[in-house]
Amino acid sequence: MRNPLSETIVTIKPSGIRKFFDIVSEMEDAISLGVGEPDFDTPWHIRDEGIYSLEKGRTFYTSNAGLKELKVEISKYIKRTQGISYDADHEVIVTVGGSEAIDIALRAMVDPGDEVLIPQPSYVSYEPCAILAGAKPVIIELKEENEFRLTAQELRDAITDKTKILILPFPNNPTGAIMEKEDLEAIAEIVRERDIFVISDEIYAELTYKEKHVSIASLPGMQERTVLINGFSKAYAMTGWRLGYACAPKDIMEQMIKIHQFAIMCAPTTSQYAAVEALRNGDEDVAMMRESYNQRRRFLMHAFKEMKLECFEPYGAFYVFPSIKEFGMTSDEFANRLLQEEKVAVVPGTAFGDCGEGFLRISYAYSIDSLKIALDKINAFITRLRNEKN
């Protein structure tokens, strides 16, 4: 019998995050700090709009690119938050989460052999999506001493004549790192000089704690060479609604819509009506959740300092990325022992790229009470490890 499987897909490893989720789901009393999902319910007025749309029988397909009303609101939102003007009719698409937007952007833009630059540690989908699109992923290893930012020199060193796209994953999952305006200006200069394109994943744009997020698409000469991706999962606590969006130049967008049309048809109609309400009236909800995350972030950083666990201070998303190099074990070994001995689940840094070795991703999208219990257990665990070394 012939092999029914694609050689390409067989070579792609499954997500390293899922393994720990599967173990935790079968372990009684385990505390998980591994899920990248808000612990808040979707704000009631947003849920109510989704319910109302169902009551009104709005259960049909929208246009392929999305509900016109939602695309207009997305365009207005990007204009007021980033100062960038997008044509709602030709430069905006509503997708099934930000993940679909990443996938169709890559498939619309690369040919076999093109190189896609992927800074790591970063979200698990970039590398496999690049491979599935036929491109060659080129990894740029981000460094702790640079607060896991992408530097201009790192970018310059990675570019070749085959480079087509730079993926810019900031604010970053898993590190919580951000890129400030001056960082982006240095990157943009090289992007323009070497005539490459950017896929800017800004799904955590609303969750920054040092300064307001700046999109690279807002810089001179960058809108025409950037696909801006965002969505509703993180900022509005709408993970299960599966709704994202992308904004891009018309010629790129036409091809993205074509792929979306054949693979998806359209994003969920109920979710789109709820998203209109989120963009129109959800700013206070986002501000409340952001302040709560910031409180938890500061609580974690203080706790790590008390237990002398090294961790750079992140200013975006809802993750911290502490170093566990002092303990002389791999991230996977550390996470497994912590889970088995203390019933606390965290994600090994290697789930986000090989350069995540020696680190853990810990989410603070949990209540302070849950974080306190988990941190007490982590402290007991690392105290025991230090005593074993001595």
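Buried means under 20% relative accessible area, exposed means over 50%, and partly exposed lies in between (1.4 Å probe, protein chains only). By that scale E341 is partly exposed, with a relative accessible area of 36%.

This is a predicted model, in which local features need pLDDT of at least 70 and side-chain atom pairs count only at pLDDT 80 or more, while totals for chains, interfaces and linings use all residues. Residues are numbered from 1 along each chain as its sequence is written, and side-chain values use heavy atoms, with hydrogens and water left out.

**Salt bridges**

A salt bridge here is a side-chain nitrogen of Lys or Arg within 4 Å of a carboxyl oxygen of Asp or Glu. The whole structure holds 24 of them.

| Pair | N to O distance |
|---|---|
| R149 and E180 | 3.1 Å |
| E326 and R386 | 2.9 Å |
| E341 and R337 | 2.7 Å |

Take R149 and E180, whose closest N and O atoms are 3.1 Å apart. Helices (H or I, at least four residues) and strands (E, at least two) are DSSP runs, numbered from the N terminus. R149 is buried at 12% relative accessibility. E180 is buried too, at 9%. Both residues belong to a salt-bridge network that links E147, R149, E180, D183 and K210.

E326 and R386 meet in a salt bridge of 2.9 Å. E326 lies in the loop between β9 (319–320) and α12 (331–342), and R386 in helix α13 (residues 368–389), so the pair ties together parts that are 60 residues apart in sequence. E326 is partly exposed, at 35% relative accessibility.

E341 and R337 pair within one helix. They stand four residues apart in α12, about one helical turn. R337 is partly exposed, with a relative accessible area of 28%.

**E154**

E154 is in helix α7. It is buried, at 12% relative accessible area. Its side chain reaches the backbone nitrogen of T151 at 3.1 Å. This falls under polar contacts: pairs of N or O atoms within 3.5 Å where, within protein, one must be able to donate a hydrogen and the other to accept it, and residues adjacent in sequence count only if both atoms are side-chain atoms. Contact, in turn, means heavy atoms within 4.5 Å. Not counting residues up to four places away in sequence, E154 touches I140, E141, L142, K143, N146 and R149.

**A three-strand sheet**

Strands of a sheet pair through backbone hydrogen bonds, either parallel or antiparallel. Two strands count as paired if DSSP finds at least two bridges between them. Three strands form an open, antiparallel sheet in the order β9-β12-β11. β9 and β11 (347–348) are the edges, each with a single partner strand, so one side of each has no neighbour in the sheet. Two bridges join β11 to β12 (residues 360–363). V347 stands opposite R361 in β12.

**M301**

M301 is in helix α11 (residues 283–306). At 15% relative accessibility, M301 is buried. Leaving aside neighbours within four places in sequence, M301 contacts C311, F312, E313, P314 and V320.
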